[in-house]
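The paragraphs below lead through a protein model, moving from a pair of strands to a surface patch and then to a single side-chain contact. Please keep the structure in view while reading.

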Amino acid sequence: MVAIKRFPPLLLIFVIIGTLTERVMAAGNHLAYKFFNYSDSDQTGIWENLFLYTTDLTDKSSLSLRYGLDAVSSPSFGVVSTTSGASSKEHDENNLKFRNSAGISFSNQYTETLKGSTGLDVSLKPDYNSITLGQSLDSPILGDFFNLGVGGYYTHSRISPAVTTNVNLQPPAGELSNRQVNYLLSLEHILTTKSKIKFLFETFQANGYLSTGYHRVTIVSGAGSPESLENLPDNKSGTALTAIYSQGLSDKSALHLRVRGYKDSYSINAFSGDAKYRTYLDEQMILEFSYRYYKQTSASFWGSSFVTKPTGYFTSQAALGEFNAQQFGLGVRYEITPFYYLNLNLSGILSANLERYLRSDGFTYSTFSTGFETDF
């Protein structure tokens with residue numbers, strides 16, 4: 001469950017859906033492979049192999065198939081909670097878990113002016129299942145000076161609780177379900193031949209089991225265990241407003257700036273600012289540098305620990321506390337010159353990205369990804 005803790009399932013799904021819907025206009029067949037590796041200061045490790053195949057059904061529709069194999073390792077997988085609240089280590093083999101997932105998505109372009117995509121993504125894993133349905137539309141307005149986009153996504157997910165003998169750490173019985181609806185509205189305007197600006201409004205509503213993993217809270221005194229499972233509201237809503245400005249600096253380089261404000265019903269207010277610089281080193285290679293700053297307030301029911309077990313909502317999740325963070329990124333993209341092999345015209349794109357995340361409470365993580373994609 002640490003994988004779910006570090007990477008909320010909904011976020012992973014939307015990353016995948018976004019990748020699939022970008023292939024609406026894919027030429028013929030598209031094949032992509034991506035390797036992803038994650039490691040953090042809590043000794044959690046994740047690696048994933050992702051395969052994506054997209055084929056054009058007609059000149060206006062495409063079908064995408066996805067398969068993923070991932071593994072998660074964490075010291076917490078080898079810890080068993082006893083009735084007294086003490087912990088004991090299991091065999092190291094239990095510290096590694098493998099999972100498979102699969103998905104399918106359908107994308108379509110309706111008319112020359114009204115474009116859109118209909119997405120269906122399914123993830124099936126031993127401890128986590130989800131399905132996401134999405135629809136997006138965009139069209140030029142006001143004489144093509146602006147481009148208006150709307151979208152909506154519904155996600156239903158279920159996780160299987162881990163078993164523990166400690167009654168204070170038992171999650172709700174049975175499978176835990178979560179439902180979330182997201183709505184998006186965007187407006188894009190081309191300012192000059194080298195610059196454009198885009199505004200994006202997002203809102204969401206979620207209900208069900210909203211915890212990401214099974215987070216334990218320290219209880220300083222009182223009867224029972226010195227730890228207890230957190231208690232979160234069973235519903236949550238939030239809104240975000242984003243502005244993105246893109247400026248071409250030359251024929252070979254561009255700068256992208258983004259600011260985003262966020263507020264939700266947990267009383268969390270957040271702000272982030274991003275900068276991304278891309279430049280061509282030559283006709284085939286692109287180099288990218290990125291930086292992101294993030295700051296948020298804590299949830300109204302957050303605490304690092306509690307003297308006694310609260311009667312209402314409470315949590316000590318670091319992700320729901322007050323903090324600021326910085327993220328640095330470096331990426332490279334190389335386009336392979338087409339060549340012939342066995343009468344096949346072969347070409348493709350190689351890419352690699354490295355990111356480093358630093359949070360004010362000392363938590364850090366690093367990610368590395370590399371991939372290859374080609375049309376045929």
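Leu 200 stands opposite Thr 242 in strand 14, and strand 14, residues 235–248, runs antiparallel to strand 11, to which 13 bridges join it. Strands here are DSSP runs of E with at least two residues, numbered from the N terminus, and two strands pair if DSSP finds at least two bridges between them. The model is predicted, with local features needing pLDDT of at least 70 and side-chain atom pairs counting only at pLDDT 80 or more, while totals for chains, interfaces and linings use all residues. Residues are numbered from 1 along each chain as its sequence is written, and side-chain values use heavy atoms, leaving out hydrogens and water.

Strand 11 also runs antiparallel to strand 10, with 14 bridges between them; a hairpin of two residues connects strand 10 to strand 11, and Thr 192 stands opposite Ser 195 in strand 11.

A nonpolar patch lies on the surface, and its residues, including Leu 137, Phe 199 and Leu 241, have about 780 Å² of accessible area together. Strand 9 (146–159), strand 10 (176–192) and strand 11 (195–208) are the elements that give two or more residues to this patch. Leu 137 belongs to strand 8, residues 128–141.

Elsewhere, Glu 373 is located in strand 20, residues 364–375, and is buried (under 20% relative accessible area, by a 1.4 Å probe with protein chains only), because its relative accessible area is 17%. The side chains of Glu 373 and His 30 are joined by a polar contact of 3.3 Å.

Notes:
Patch = residues over 30% accessible without salt bridge, like charges linked within 9 Å, V, L, I, M, F, W, Y side chains within 5 Å. Areas by Shrake-Rupley, 256 points an atom, 1.4 Å probe, with all protein chains shown as cover. Salt bridge = Lys/Arg side-chain N within 4 Å of Asp/Glu carboxyl O. Helix = DSSP H or I, 4+ residues; strand = E, 2+ residues; numbered from the N terminus. Buried < 20%, exposed > 50% of the residue type's maximum accessible area, 1.4 Å probe, protein only. Polar contact = N/O pair within 3.5 Å; in protein donor to acceptor, adjacent residues only side chain to side chain.
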